[in-house]
Amino acid sequence: MIATLKAVEASQLQLVEREDIDDEEDLFESIDKLISAGINTGDVKKLQDAGIYTCNGLMMHTKKNLTGIKGLSEAKVDKICEAAEKIVNLGYITGSDALLRRKSVIRITTGSQALDELLGGGIETSAITEAFGEFRSGKTQLAHTLCVSTQLPANMRGGNGKVAYIDTEGTFRPDRIIPMAERFGMDPAAVLDNIVYARAYTYEHHQYNLLLGLAAKMSGEQFRLLIVDSVIALFRVDFTGRGELAERQQKLAQMLSRLTKIAEEFNVAVYMTNQVIADPGGGVFISDPKKPAGGHVLAHAATIRLMFRKGKGEQRVCKVFDAPNLPEAEHVFQITPRGIADAKD
């Protein structure tokens, strides 16, 4: 029987609508503001059709990309960019202002206190967190747990927002969400309704159609997490051999750039899983010579890189592989029917 919200928690565990948020400053300016700045309504519509819904997102595109939009000449693009620059300040700011902006970053609990401590509080918004490791190392299980914990209110270390899930390997299981939601005292039906899910079959479908449509959703609703499970799978299938490697890496870089823009534009956490490949150059002194797939392109795009490996029984080990603000360390966690949790001694 599906558990319902406890009366005492009901007021806490409801997702707050965007218009009800008073204490959070708007992190992005709607593209519609260009109309009051003298830009033609038709041209604004063309930008929206191209997946650009905010002035911040507009400024993340090159003029070359913008002139590629049908119906926008160089003169029009120059005028649009000039108007957007007046609305959004993307120039130099002081270190103090940068610190102030960092206060808008939300850290979403993983369900394990030990893992949260390892990550400085949880999975960060406005950043890309990559988890790589062998199969059954816990990457997808963490993704499922985050689908629920992201919807918790801030006072329960959640993100108070919706979740977008792009599945490239067919591993999303909505039935796993039910016991996880019950663990946190949430209504499983409501939790599932706040997850938008898409199955991707080709890198083109993933990169263009699905990510393009997300901008429209995120500009109108409060999202806090985007999951890509996994980021490299379709690229390894759609591009084969060394002859297509350069093109693959270029397309991968374009998609990762789009993920970075989504993370920063809408203040969402991007959690992506990655596969590993054998590393023949790992050396004889390394017992398990494997490295994350995707090469340097993926390595530079990820803000935080986590290495997962199997432990004893249902225990798994997470190690901070690379992060700008976290020390290299590792912690043990456990996979349970109710999601990621602290390991039992």
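User: Where is Ser230 found?

Analyst: Ser230 is in the loop between S6 and helix H13 (233-238). Keep in mind that this is a predicted model.

User: What is the peptide bond from Asp229 to Ser230 like, cis or trans?

Analyst: The general idea comes before the case. Most residues other than glycine have a negative phi, and most peptide bonds are trans. Here the bond from Asp229 to Ser230 is cis, and its omega is near -5 degrees.

User: Which phi does Arg136 have, positive or negative?

Analyst: Positive, about 65 degrees, although Arg136 is not a glycine. Arg136 sits in the loop between S3 and H9. Its relative accessible area is 52%, so Arg136 counts as exposed. Arg157 also has a positive phi of about 65 degrees, and it is not a glycine either. Look for Arg157 in the loop between H9 and S4. At a relative accessible area of 42%, Arg157 is partly exposed.

User: How many residues of strand S6 are buried?

Analyst: Seven of the seven residues of S6 (residues 223-229) are buried. Strand S6 is therefore largely enclosed by the rest of the structure.

User: Which strands are joined to S6 by bridges?

Analyst: Again, the general idea leads. Strands of a sheet pair through backbone hydrogen bonds, either parallel or antiparallel. In this model, strand S4 (residues 162-167) and S6 run parallel, joined by six bridges. Lys162 has Phe223 in S6 as its bridge partner. Val163 stands opposite Leu225 in S6. Strand S7 (residues 269-274) also runs parallel to S6, with four bridges between them. There, Val228 stands opposite Met272 of S7.

User: What is the order of the strands in the open sheet?

Analyst: The order is S5-S4-S6-S7-S3-S10-S11-S12-S13. That is nine strands, with mixed pairing. Strand S5 (195-199) and strand S13 (339-342) are the edges, each pairing on one side only. From one strand to the next, the twist averages 25 degrees.

User: Which strands does H12 lie across?

Analyst: H12 lies across S4, S5 and S6, and runs at about 170 degrees to S6. H14 packs on the sheet too, where it touches strand S3 (127-133), S6 and S7. The direction of H14 makes about 165 degrees with that of S6.

User: At what angle do helix H12 and helix H14 pack?

Analyst: Start with how such a pair is read. Two packed helices are described by the angle between their axes and the distance between the axes. For H12 (residues 203-220) and H14 (residues 245-266), the angle is about 10 degrees and the axes are 11 Å apart. That makes H12 roughly parallel to H14. On the H12 side, residues making the contact include Tyr203, Leu211 and Met218. On the H14 side they include Lys251, Arg258 and Phe266. By class, this contact has ten nonpolar, four polar and two charged residues.

User: Which residues touch the most other members of the largest nonpolar core?

Analyst: The general idea is simple. In soluble globular proteins, nonpolar side chains tend to be buried together. The largest nonpolar core here has 37 residues, and Cys147, Val148, Ile195, Ile227 and Tyr271 touch the most other members. Helix H9 (residues 139-149) gives the most to this core, with five residues. Apart from this core lies another, of 33 residues, among them Leu210, Met218, Phe235 and Leu256.

User: What does Val148 touch, leaving out residues up to four places away in sequence?

Analyst: Val148 touches Ile177, Met180, Ala181, Phe184, Met186 and Val191.

User: Is Ile123 buried or exposed?

Analyst: Buried, because its relative accessible area is 2%, and the cut-off for buried is under 20%. Ile123 is found in strand S2 (residues 123-124). Leaving out residues up to four places away in sequence, Ile123 touches Ile106, Arg107, Ile108, Thr110, Thr129, Leu146 and Ala269.

User: How many helices and strands are in the chain?

Analyst: The chain has 15 helices and 13 strands. Of its 345 residues, 46% count as buried.

Conventions
Residues numbered from 1 in each chain as written. Predicted model: local features only at pLDDT ≥ 70, side-chain atom pairs only at ≥ 80, totals over all residues. Heavy atoms only, no water. Core = buried A, V, L, I, M, F, W, Y, C linked by side-chain atoms within 4.5 Å. Buried < 20%, exposed > 50% of the residue type's maximum accessible area, 1.4 Å probe, protein only. Helix = DSSP H or I, 4+ residues; strand = E, 2+ residues; numbered from the N terminus. Contact = heavy atoms within 4.5 Å. Axes fitted to C-alpha atoms, helices over the stretch in contact; angles between N-to-C directions. Parallel < 35°, antiparallel > 145°, perpendicular 65-115°, else oblique. Nonpolar A, V, L, I, M, F, W, Y, C, P; charged D, E, K, R; others polar. Pairing = 2+ DSSP bridges.
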